[in-house]
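The structure is shown first.

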Amino acid sequence: MIRLSIPLRQALARLSLPVLIAAAFGTMLLGKADALLVDRARMALADALAPIWGALQEPVGAVRGAVREGQHLLALREENALLREENERLRRWQATALALEAENALLRRQLAWVPDPAPAFRTARVVADAGGTYARAVLLAAGPNHSVRKGQIALDERGFVGRVTEVGSRSARVLLATDINSRIPIVLEGSRARAIMVGNNAARPRLQHWPEGVVPREGDRVVTSAEANAFPAGLPVGVVRWSESGAAEVELFAQLDRLDVLRLFDFGLSGILPPEAVARPEPRPRR
Amino acid sequence: MAKGRPEPPSGFTRRLDAAVRGGFPAVSTAALLVMAAVPVGMPGLIAAAALPGVFFWTIFRPGSMPPPVVFALGLLQDLLSFAPLGVGVLTLLLVHGLALRWRDVLVKRSFLAVWLVFCGFAAGAAGLAWGLTAVLNWQSPPVMPGLLQLGLAVGLYPALAWAMSRIHRIMRRVEGAA
């Protein structure tokens with residue numbers, strides 16, 4: 001250890017705060033100037049911490065499960081009635097769906113229809129919140145030899161969640177559809193009108209840029225659009241809801257507040273990525 | 001005045017003991033930040049978890065929370081929360097600097113008074129973080145998450161400060177006995 005005289009040490013101590021405040025401005029400039037370096041540092045840190053978060057996930061998951069179980073116990077009766085009613089409705093829908101499926105198969109046979117190949121997917125566990133105060137993103141733990149790549153599309157068991165924007169060696173970050181930087185091309189299923197779903201950090205992203213003459217109807221189903229070649233057509237996203245302030249919003253099918261396992265689909269598309277993702281998605285390896 | 005090193009190093013265990021005591025505030029705050037990143041559906045938890053630790057240890061144990069440690073904690077916060085780099089660093093350093101300046105007054109006050117002062121600090125920190133995020137991203141972020149972060153920090157402080165003051169008292173007793 002270097003021995004310094006006491007006045008010198010005091011002077012150094014007094015100087016260190018202003019110098020470090022200047023250094024804080026320096027890091028801001030660095031973060032703006034070299035976004036790639038910062039992203040790499042973030043993913044390296046996330047890679048290092050992913051096993052710890054993975055281990056923490058067990059007790060946290062247990063506590064959350066217990067809380068949910070308690071809530072379910074309290075709401076047992078109403079939920080049961082609700083489920084009975086829903087079951088009746090779904091039975092009718094199931095009959096319709098089976099009839100439609102048979103009809104669809106018949107028509108496809110007559111048209112010599114070439115079906116889309118079934119997309120490959122892998123699942124990954126959500127281990128950390130990677131959004132901070134002003135962003136909505138989650139961090140996934142992927143195995144050491146994972147095949148997760150930028151631009152892949154994440155769905156939970158119900159619908160669209162977001163896109164992979166950063167990939168480390170053991171983790172990946174998914175920008176959620178609700179993030180303020182998220183712009184998703186969508187189609188309103190009722191009218192086939194295209195629009196853009198814009199995240200605003202709130203639970204329901206907004207709809208913008210729908211064509212003139214078409215107004216999104218309350219309850220209209222929203223699916224992804226193949227426009228811009230960033231998404232395959234027809235992934236379930238949500239339904240249209242008009243807010244009290246008169247804005248068209250999308251109530252997402254996916255439960256973004258309780259994500260635990262995500263499916264990552266590789267559709268092999270090379271369309272545009274959000275602006276903060278600097279690199280293009282890597283092409284799918286040839287098989 | 002230097003509370004952290006009262007005795008001459010007369011043995012390995014004693015030095016180890018002092019090192020653990022000196023390093024505890026920084027390490028525990030960093031561990032809290034890492035744990036706060038576990039998703040519980042509350043955005044802003046990471047930033048809200050950093051503030052009480054830095055504020056408390058700056059006032060009650062400034063020897064263990066020097067500016068370089070605050071800088072490192074801020075950097076950790078920014079990297080963990082994928083926030084624009086430097087926002088957490090600057091916020092925490094300014095909180096540290098101001099708390100250190102008013103330390104002589106604050107250290108003698110009651111818990112409630114310190115909490116009220118902390119509320120002011122948390123509001124300032126949330127406002128500064130909002131402003132810096134707006135400047136660095138060149139778009140004004142929504143106000144609600146900032147308020148949520150403020151509420152989380154204010155709400156977390158009593159619980160964290162209670163635990164930290166217990167530990168601080170134990171450390172003081174050990175130092176007094178040595």
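The sections below cover the chains, their contact, and selected elements.

## Basis of the description

This is a predicted model, in which local features need pLDDT of at least 70 and side-chain atom pairs count only at pLDDT 80 or more, while totals for chains, interfaces and linings use all residues. Residues are numbered from 1 along each chain as its sequence is written, and chains are lettered from A and ligands numbered from 1 in the order in which they are written.

## Chain A: overall form

Chain A contains three helices and twelve strands; helices (H or I, at least four residues) and strands (E, at least two) are DSSP runs, numbered from the N terminus. Its C-alpha atoms fill a box of roughly 90 × 50 × 45 Å along the principal axes. The radius of gyration of chain A is 24 Å, whereas a compact globule of 287 residues would have one near 19 Å. That radius is taken over C-alpha atoms, and the globule rule is 2.2 Å times the number of residues to the power 0.38.

Of the 287 residues in chain A, 32% are buried. A residue is buried if 20 or more other C-beta atoms lie within 10 Å of its own, exposed if 12 or fewer, and partly exposed in between, with C-beta atoms placed from the backbone. Among contacts in chain A with a separation of 6 or more, 57% are between residues 24 or more positions apart. Two residues are in contact if their C-beta atoms, placed from the backbone, lie within 7 Å.

## Domains of chain A

Chain A is divided into domain 1 (38-111) and domain 2 (117-280), with bounds that come from an automatic or database domain assignment. The centres of the two domains, taken over C-alpha atoms, are separated by 16 Å.

Nine residues of domain 1 are in contact with ten residues of domain 2. The domain 1 side of this contact has five nonpolar, two polar and two charged residues. In this classification Ala, Val, Leu, Ile, Met, Phe, Trp, Tyr, Cys and Pro count as nonpolar, Asp, Glu, Lys and Arg as charged, and the others, Gly among them, as polar.

Strand 4 (residues 160-167) of chain A has eight of its eight residues buried. Strand 3 (residues 153-155) runs antiparallel to strand 4 and is joined to it by three bridges; two strands pair if DSSP finds at least two bridges between them. Within this pairing, Ala154(A) has Gly162(A) as its bridge partner. Strands 3 and 4 of chain A form a hairpin with four residues between them.

Strand 4 of chain A also pairs with strand 5 (residues 171-176), in the antiparallel sense and over five bridges. These two strands form a hairpin with three residues between them. In strand 5, Arg173(A) is the bridge partner of Glu166(A), and Leu175(A) stands opposite Arg163(A).

Which other strand pairs with strand 5 of chain A over five bridges in the antiparallel sense? Strand 2 (residues 137-141) of chain A does, and Leu139(A) stands opposite Arg173(A) there. Six of the six residues of strand 5 are buried. Ser171(A), Arg173(A) and Leu175(A) lie on one side of strand 5, and Ala172(A), Val174(A) and Leu176(A) on the other, so that both faces are covered.

## Chain B: overall form

Chain B has seven helices and zero strands. Its C-alpha trace spans about 55 × 30 × 30 Å along the principal axes.

Buried residues make up 43% of the 178 residues in chain B. Of the contacts in chain B between residues at least 6 apart in sequence, 69% join residues at least 24 apart.

## Helix 4 of chain B

The 15 residues of helix 4 of chain B should span 21 Å at 1.5 Å a residue, and the end C-alpha atoms are 21 Å apart, which agrees. The expected span is 1.5 Å times one less than the number of residues.

Buried residues of helix 4 of chain B include Val87(B), Leu90(B), His96(B) and Ala99(B). The buried residues of this helix pack against helix 1 (6-33) of chain A together with helix 2, helix 3, helix 5 (103-106) and helix 6 of chain B.

## Contact between the chains

The contact takes 39 residues from chain A and 32 residues from chain B. On the chain B side, helix 1 (12-36), helix 2 (45-60), helix 3 (67-81), helix 4 (87-101), helix 6 (111-137) and helix 7 (144-177) each supply at least two residues. Helix 3 of chain B gives the most, with five residues. By class, the chain B side divides into 24 nonpolar, eight polar and no charged residues.
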